[in-house]
Amino acid sequence: MEFLFNLILLLFLAAVTIGIIGVRNLFAVVVLSGAYSFLMATLLIAMDAVDVGMTEAAVGAGVSTVLLLSALHLTNTEEAPAKHSNVLPMALALLTGAVLVYGTWDLPRYGDPDTPMNSYVGDEYLERSIPETTIPNVVTSVLASYRGYDTLGETAVIFTAGIGVLMLLYGRRRKGDDDEGDGRS
Amino acid sequence: MRGHLILRVVSKILIPFLLMFALYVQFHGDFGPGGGFQAGVIVAAAFVLYALIFGLRAMQKIISPALLEIAVPLGVLIYAGVGVYTWILGGNFLDYNMLDSHDPSHGQHLGVLLVEAGVLLTVSSTMLLIFYTFAGRGR
């Protein structure tokens, strides 16, 4: 049953991806990429990664779709026709895909208990989390307590990303606001 | 979107539940899936929905960009501040056991709660701030 469910979701994902490649209207591309994110979120929930699924639905399908739409507002909604032949990019994409598929052959099977990540540190965390922290959700105790430094770094990365976007876009907008007659507004 | 009655009514009903769900994800992170990051993006998505339906100006009346510019670094400061505070109490950086002198596990719960609050603040305000700058450029 779960196999069938995953198969249908993956087929939908492939169909949406082919749609994104084929469609030349950028508005349709943005909507399709939102649909892609929702399918991906459903797949993540099927893989029991509910927190990742929530993030994917809220960021991938929600906020970033809106951001892409507001970027679309500033540009043309039709994709410009290609100036060069598509053969070289196509070959490069196929080659990269083939290398990635080749790379998955060495990956351990999904959920295999004998992999390094499930046998040394993972077991240790599972055994020690409840006696040491009394937090029932091991994901939270690992992220916020055992690996608190990493999460602090992660928060600092988000902070830096926000500052970076502000420096790129906000400053320019302020300049535009100062002299209203620059023709664009 | 003044004319879209159904969208306005439905989102007015939905937004409180979205925010409620975000708070649930935030404070239930110790027990179920979720935490500061997930709650932060849900809060941001709820506010972005509000801005889409009622306009950027109405949204900025509720949360001004200046407030967000304070909230973004404040979250990181809360997180790092917990670490410094445990330092002052005599432990290692981010050693939550120090936060409660009687029961170390209470300290852990308190530490995780504070740290997740910092993450929520930074993530949601960064998302909203990026949205503000993007959406404000078109006009």
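V59(A) is located in helix α3 of chain A, where helices (H or I, at least four residues) and strands (E, at least two) are DSSP runs numbered from the N terminus. This is a predicted model, in which local features need pLDDT of at least 70, side-chain atom pairs count only at pLDDT 80 or more, and totals for chains, interfaces and linings use all residues. Residues are numbered from 1 along each chain as its sequence is written, while chains are lettered from A and ligands numbered from 1 in the order in which they are written.

V59(A) counts as buried because 23 C-beta neighbours lie inside 10 Å; a residue is buried if 20 or more other C-beta atoms lie within 10 Å of its own, exposed if 12 or fewer, and partly exposed in between, with C-beta atoms placed from the backbone. When residues up to four places away in sequence are not counted, V59(A) touches S64(A) and V41(B). Two residues are in contact if their C-beta atoms, placed from the backbone, lie within 7 Å. V59(A) and G34(A) are 25 residues apart in sequence, and their C-alpha atoms are 9.8 Å apart in space.

A57(A) also has its place in helix α3 of chain A. A57(A) is buried, since 22 other C-beta atoms lie within 10 Å. Its contacts, leaving aside neighbours within four places in sequence, are S37(A), F38(A), A41(A) and G62(A). Between the C-alpha atoms of A57(A) and Y36(A), which stand 21 residues apart along the chain, the separation is 9.9 Å.

## Domains and the nonpolar core

Chain A is assigned domain 1 (1–80), domain 2 (99–136) and domain 3 (147–180), with bounds that come from an automatic or database domain assignment. The C-alpha centres of domain 1 and domain 3 of chain A lie 25 Å apart.

The largest nonpolar core has 54 residues, and those with the most contacts inside it are V63(A), V41(B), I42(B), A44(B), F47(B) and F131(B). A nonpolar core is a set of buried Ala, Val, Leu, Ile, Met, Phe, Trp, Tyr and Cys residues joined through C-beta atoms within 7 Å. At least two residues of this core are supplied by each of α3 (50–72), α7 (138–146) and α8 (148–178) of chain A and by each of α1 (5–27), α2, α4 and α5 of chain B. The largest share, 14 residues, comes from α5(B). Because domain 1 (1–80) and domain 3 (147–180) of chain A both give residues to this core, it lies between them.

## Chain B and its side towards chain A

In all, 47 residues of chain B are in contact with 39 residues of chain A. On the side of chain B that touches chain A, α2 (36–54), α4 (65–88) and α5 (104–137) of chain B each supply at least two residues. The largest share of that side, 21 residues, comes from α5(B). The residues of this side divide into 27 nonpolar, 16 polar and four charged; Ala, Val, Leu, Ile, Met, Phe, Trp, Tyr, Cys and Pro count as nonpolar, Asp, Glu, Lys and Arg as charged, and the others, Gly among them, as polar.

Within chain B, F47(B) touches M59(B), I63(B) and L128(B), not counting residues up to four places away in sequence. L18(B) has its place in helix α1 of chain B and is partly exposed, with 18 other C-beta atoms within 10 Å. L18(B) and F47(B) are 29 residues apart in sequence and 9.4 Å apart in space, C-alpha to C-alpha. With residues up to four places away in sequence not counted, L18(B) touches I42(B) and A46(B).

## Helices α6 and α7 of chain A

The axes of helix α6 (residues 121–133) of chain A and α7(A) come within 10 Å and cross at roughly 75°. Axes are lines fitted to C-alpha atoms, for helices over the stretch in contact, and angles run from 0 to 180 degrees between N-to-C directions. The two helices, α6(A) and α7(A), are therefore roughly perpendicular to each other, a term for angles of 65 to 115 degrees. Y125(A), L126(A), S129(A) and T133(A) of α6(A) make the contact with V138(A), S141(A), V142(A), S145(A) and Y146(A) of α7(A).

## Positive phi values in loops

T134(A) is found in the loop between α6 and α7 of chain A. Its phi is near 55°, a positive value in a residue other than glycine. D48(A), found in the loop between α2 (26–46) and α3 of chain A, has a phi near 65°, also positive in a residue other than glycine. T134(A) is partly exposed, with 15 other C-beta atoms within 10 Å, whereas D48(A) is exposed, with 10.

How values were computed: Parallel < 35°, antiparallel > 145°, perpendicular 65-115°, else oblique.
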